[in-house]
Amino acid sequence: MKLTIVLTILLQLLTQTIVFAQSSHDSKYMKKANEYFERSDYVLAIDYFEKVNKLDIISEYKLAYAYQHTLQYHEAVRVYEKLVNFNWELSDEVLLNYGLMLKSLEQYSKAGKAFQKYLYKNPRDHEVRDLYLSCQASQLKKLKKNKFNVIIEGLSFNAKEKDFSPLIFDGGIAFCSSRPLKKRQNIHNRDGYSFINLVKVSKTNLGAYTDVELLDKDIFSNHHVGPSYFDKSSNMMYVTINVDKNEVIDGENFDIHHLEIRTTKYKDGEFQRMADFELNNKDFSVGHPTLTKDGNTIYFISDMADGKGGTDIYVSHRNISGGWDSPYNIGEMINTSGNEVFPFIYNDSTLFFSSDRHIGLGGLDIYKANIRNNRVVSVENMGYPFNSSKDDFGMAIDHDIEEFKGYFSSNRDGGTGADDVYHFREVPDNVTVLVVDSLTKEPLANSSVILFDCEEEPISEGTTDDKGTFSTSVDLHNFCKVEAIQMGYIPKIVNTKYLQKEFGGVFVIVDLVKGQQIRMEGFIIDEDTKEKIPQASIALEDSKYVHLDQTSSSQYGHYQFIFGEKAPDQKMNLKVSAQGYLAKDANVDAANISMDGVIRRDVYLKRMIKNDLLEIENIYYPFDKAYLTPEAKVILNDLYRIMVNNPSLIVEMGSHCDIRGSDDYNIDLSRRRAESVISYMSARGINTRRLIYQFYGEKVNAVDCISCTETQHQLNRRTEFKILDY
């Protein structure tokens, strides 16, 4: 059974169990509000809920839910915030919907906390785990990259009402619209807008769009229509229809919640009478059709009983008799417990669709599924600028052209109306770099050019042609630096972050000065997560450990030292430290210099975690002895350097024995071994208060054995080093 049905029944039962002490007006308003809510007439339900002086907890939830489904995000968050700390039957639904609304408002940190709280009680809910991951900085960074190198443009025909689900048709665009183009407009009380019509626009010779008009004044005008598809192979239009159940509300509005698909032949410039689609069923909705180029496979959405969520995507194939086989669910790689809607099949192998559950920026995001042999093999988020924190949906691409361009719809901020149609197109080369001599202005051929994003990571590179130019395509919103390198010239970096970036792209001139400049640079990186570490301290020393210079890593973990025409020493050392990490010495060989005069050295730091073992070798002892071997002293010298570089570090030295000897004897032997370590470290100047020793005897073995080999005994005779504090 679908989540929405279960939720409605639960709300009905809960409502019946609460006794209201209200005025007669409040009782009347509550009755009307609940009636409208159960019919999904959320606009009317909100109107009556807001008239009640004091709402109970269930009515507060219904009000928030109604705000949510009329896209009043701020109001929904305001009411959900009143409910998040109540422990009651709908706590999970409150947290989930609260997080979804915050996500749509780009309040990702708060949304992540709401999803995290939900996951404490529902740790196996992988879809909400994806919602939680969507709110993390690393995921947001990926989702906001323009990986398809497209630009989008709003279109002049968009109105203040809803315009969505574009369809490339007959040399122009058809789309769904709630704008009032008919004399009598019914209002859909689920969202407060007029019933949807199919409309069309064409392009003039100048490239501008004509006025919007009804696609057909007779065939579609008496219906509340939705996303449609035109099959060129058969000249057949497949239309989503909201079926009128003839259940009159307040004498004028209809209860319209059942979707069906109708077909109509397009012949001699006119649509013929619509016919029922054979997969329609009175027990469930079907809608949002899209077909392969040959017209033999149809994808559509439905809320069939075997579905995974609110609406799932289904597939059916045409059989040899010309009819349609029984549809099947496309599978869990696409379908979730949420809503999968607005499918569009492109070149028979790529299915675009929208979902409110997969990892995304918020609301409905557009996804791309790759299909091979009728199987979904991968799904990816289309990312920015296709997606925003609001609803993005309804892709349409012309199958007959090679260029990646088309249309989609969105209710994102900055649009003209409630929903708008946008045009997108791929920009092949949107950055051109010209490298010239700073004095003569002559172009410098064969110059190396590297483009960097705003986190100082390379995103494109190449070589200038004989005219000194290099062209490429990158995400302009995440293009912040360009570096040019040429033998006999000093490399130069130009900051492009604040350059004016028009839709056509960016033109950057880099003028190089003759000369030589050596520099050292790299990143400070977390050894485990591989994330860049900002604000790390980096001290540069020569081969005799004499201090030469000091710097800090940028917010993206990058550091740099500039030397001039030569490096200060052939062998150098970096002392690197960062809050919460073990400081580290890193050797640098100036002989490892690139053509552009750069000595590159990345440094990986290990995060300190209390009670974790230090990642240095254990020290081992001869049988029945406590003295330090020469090999043990080498390891203790490493420990000494770690403790000098980390002056607040407190270490436990745990000494162990093998299983030979009595317990009392082994405890005493462990104590003597720990004392030998402390004596050595103290003699080198380490304060003994930073050295805590524990002697375990044979209680904690590295190798569990009874008839141990001598090698196994040796591994058990050891001292380990554990981080106690820092």
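Biologist: Let's begin with strand β9: how many of its eight residues are buried?

Modeller: Happy to look, keeping in mind that this is a predicted model. Strand β9 covers residues 236-243 and is mostly covered. M236, Y238, T240 and N242 point one way, while M237, V239, I241 and V243 point the other way, and all are buried. The count of buried residues in β9 is therefore eight, since buried means under 20% relative accessible area.

Biologist: Which residue of β9 is the bridge partner of F230?

Modeller: Strand β8, residues 224-231, pairs with β9 in the antiparallel sense over seven bridges. The two strands form a hairpin with four residues between them, and N235 in that turn has a positive phi of about 55 degrees. Within this pairing, the partner of F230 is M237.

Biologist: Which residue in β12 is the bridge partner of V243?

Modeller: β9 also pairs with strand β12, residues 258-267. That pairing is antiparallel and runs over eight bridges. In β12, V243 has as its bridge partner H258.

Biologist: Now for one side chain: how far is the backbone oxygen of P227 from a polar atom of the T240 side chain?

Modeller: T240 is found in strand β9, and it is buried, with a relative accessible area of 1%. Its contacts beyond four places in sequence include P227, S228, L259 and H288. From the backbone oxygen of P227 to a polar atom of the T240 side chain, the distance is 2.6 Å.

Biologist: Which helices do the buried residues of α5 pack against?

Modeller: Helix α5 spans residues 73-83, and its buried residues are Y73, A76, V77, V79, Y80 and L83. An α-helix has 3.6 residues a turn, so residues three or four places apart point the same way. The buried residues of α5 pack against α4 (57-69) and α6 (91-104).

Biologist: Last one: in the open sheet of four strands, which are the edge strands?

Modeller: The order is β1-β25-β24-β23, with antiparallel pairing. The twist averages 30 degrees from one strand to the next. Five bridges join β1 to β25 (residues 420-426), and E153 stands opposite H423 in β25. The strands that each pair on one side only are the edges, β1 (150-154) and β23 (392-397).

Note on methods
Residues numbered from 1 in each chain as written. Predicted model: local features only at pLDDT ≥ 70, side-chain atom pairs only at ≥ 80, totals over all residues. Heavy atoms only, no water. Buried < 20%, exposed > 50% of the residue type's maximum accessible area, 1.4 Å probe, protein only. Pairing = 2+ DSSP bridges. Contact = heavy atoms within 4.5 Å. Polar contact = N/O pair within 3.5 Å; in protein donor to acceptor, adjacent residues only side chain to side chain. Axes fitted to C-alpha atoms, helices over the stretch in contact; angles between N-to-C directions.
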